Amino acid sequence: MGHYETLYQRSISDPEGFWAEQAQAIDWFQFPDSILSQDEHGLYRWYKGGMLNTCHLALDYHVAHGRGEQTALIYDSPVTQTFQKYTYRELLDETARFAGALSQLGVGKGDRVIIYMPMVPQVVVGMLACARLGAIHSVVFGGFAPHELALRIDDAQPKVILTSSAGVEFDKIIPYQPILESALREAKHQVEHVIWHQRWIRKAEMTDDRYLDWELIARSANPVGCTPVEATDPLYILYTSGTTGKPKGIVRDNGGHAVALRFSMQHIYDVQPGDVYWAASDVGWVVGHSYIVYAPLITGCTTVFYEGKPVRTPDAGAYWRVISDYGVKVMFTAPTGFRAVKKEDPDGLLKQKYNLASLRYLFLAGERCDVATLEWAQKLLGIPVIDHWWQTESGWPMLANLAGVELMSVPPGSVGKPVPGFHVQIIDSDINIMKPGEEGAVGIRLPLPPGCLPTLWKAPDQFKESYLKAYPGYYFTGDGGYRDKDEYFYITGRIDDVINVAGHRLSTADMEEIVAAHPAVAECAVIGVANDLKGQVPMGFVVLKAGMDMTEVDLETELVKMVRDRLGAVACFKNAMIVKRLPKTRSGKILRRVMRNIADGKDFQTPSTIEDSSVLEEIKEKLDSVSF
Ligand code: COA
Ligand code: AMP
């Protein structure tokens, strides 16, 4: 058996022994007396009884162990021309003071704090300050519209919101004040304070008694130490799209999270303390939580915090500039970023201006990576380009090529083999394990390893319903896939209503709710169709109410605006078409998968359960007549 196989088999045959050993890699205040247990809801919990503090692991520990003067975070913002470095000592000082300010406002263990901010380093200070106090942060992606923010405020019920006066998208300034105030008006929950980080590009007006200035309160606060928390206490809630209009509050605990991320840095990413690690994503997504903030800092690395895009900030050489400026060893981003670069600079000419000798690996995840893009990046960079698979719920990779253990010859198109701890199986609806080459649902045999969601925020029953019920004994990932004869896995895409647009996870059910609210719409379906740049984009099919006389162009314009205003520009909802009927089964279920296959130009079989197959012809003709 190779190194990988030995490690993996041990993690599956003796999970408690394996994860007890891995837990030694972090600095506990009190080592857990139990490794794996079940809570009062029958859900698995790791490291019960262990006491620790995630901010201590990310900052205090390193300062106490000789890394105080090492750069912890590099802020690189081509959109504002700001370039700034924080040592571990500086980041600790700022965080401890800001935690002191939050504490003075009454924020303590178990309280929730929503963070709605662009890619400024104060986000990291805010997240770590919450962790320091044992408070639970919930970062909301800056591209979401007020309604989405309001939903999260009502679910998390935060005492305080941390925000910024503005963000920047390429060269467009996005003022946050109208978005935040609209969300506060819509939410039923009343927050006690809003703390504004003022940016010179656009200031917020302090028009409400609850508003406080970040700088002012931080300057006058006294630093505070770390509050010990239980391993099973929540560190954060991160809302993600599910199959309904209401986002799911993924809970991450403190203990399992720290152990899993530390393990992943060494074994998956081949990263050691002191290395420079760059995840080009946004803190609003799970990649940002795990691999911009927590994993690199817990490991004692230097993390690059990039407020820019792969292209047009200022050009398609942006990735190469950052890698060469800071000596990045490992880069991680979504395939869309590389597709954008490839489109603008197909021969990679801009790379010639930079020295990329430091770069050892490129990791891609967040959406399916097409083989052409993977091979293009591999050829251009001449290093291993590793596609790996995970999701908000897992918090860290489930299928990968473990660069720190044994680099395998993963066939193009595959996302590698199961990461230690993840007993991944391809199963059918009767929970039979499928043979190599046969496609089925991707399930993970319980228990999930440390770091994965133990439950949903205040909704253990919904957790069981959404993830554990369909395939008893398994966690259902929502993805379909297969494995080959050599046990390499392939992900074929979501088998639920979730789509992935430019690496952003969105719910078509959410969009359908918005479209259906238009007064002219009788019924609708939104599906994700393949797109060369963004992987997938949403497309709406609408049946008008009887007697409604509206042109397709007018309806589309109104629906696009509605989705933008209610969900956010990030939804990329730009196409809607009127059809006479939607294809349905005789029991009334809309045949979305068949519609998707037609839109993607794939072969499809007319299901025997269809009510009227001529509807498919109409949809096909309609799609053939438009370009999108
Ligand atoms: N705040 C406000 N608006 C945002 C936003 C944010 N944080 N993020 C995206 N948006 C807006 C964009 O400005 C755009 O608005 P527009 O329709 O008015 O132009 C819209 O949401 C769609 O954004 P996006 O899908 O990102 O498209 P884009 O054309 O702006 O950029 C890429 C395309 C490829 C450059 C961009 O998607 C990218 O950098 N991808 C890299 C992958 C990545 O980081 N994924 C994160 C998950 S790992
Ligand atoms: P998110 O929760 O936003 O990280 O999105 C998770 C979903 O993105 C997964 O369930 C997959 O559908 C998809 N995904 C993530 N990584 C990959 C990958 N490497 N290949 C294919 N799909 C992926």
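A polar contact here is a pair of N or O atoms within 3.5 Å; within protein, one atom must be able to donate a hydrogen and the other to accept it, and residues adjacent in sequence count only if both atoms are side-chain atoms. With that rule in hand, the ligand is a handy place to start. A nitrogen atom of ligand 1 sits 3.4 Å from a polar backbone atom of Gly142. The model is a predicted one, in which local features need pLDDT of at least 70, side-chain atom pairs count only at pLDDT 80 or more, and totals for chains, interfaces and linings use all residues. Side-chain values use heavy atoms, with hydrogens and water left out, residues are numbered from 1 along each chain as its sequence is written, and chains are lettered from A and ligands numbered from 1 in the order in which they are written.

Side chains reach ligand 1 as well. An oxygen atom of ligand 1 is 2.6 Å from a polar side-chain atom of Arg564, and an oxygen atom of the ligand is 3.1 Å from an N or O atom in the Lys172 side chain. In total, 24 residues surround ligand 1, counting any with a heavy atom within 4 Å of it. The closest are Glu169, Lys172, Pro310, Lys534 and Arg564.

As for the overall layout, the chain splits into domain 1 (3-308 + 388-477) and domain 2 (498-624), with bounds taken from an automatic or database domain assignment. His147, Ser241 and Trp285 supply 34% of what domain 1 buries against domain 2, more than any other three residues.

Between the domains, 6 residue pairs are in polar contact (both at pLDDT 80 or more). The interface also has 1 salt bridge, meaning a side-chain nitrogen of Lys or Arg within 4 Å of a carboxyl oxygen of Asp or Glu. Arg505 and Glu393 pair up in a salt bridge at 2.9 Å, N to O.

The whole structure holds 28 salt bridges. One of them joins Asp60 and Arg132 at 2.8 Å, N to O. Asp60 lies in helix α3 (residues 54-64) and Arg132 in helix α5 (residues 122-133), so this pair ties together parts 72 residues apart in sequence. Helices are DSSP runs (H or I, at least four residues), numbered from the N terminus.

Notes
Buried area is the accessible area (1.4 Å probe) that two parts lose on being put together, summed over both. Helices (H or I, at least four residues) and strands (E, at least two) are DSSP runs, numbered from the N terminus.
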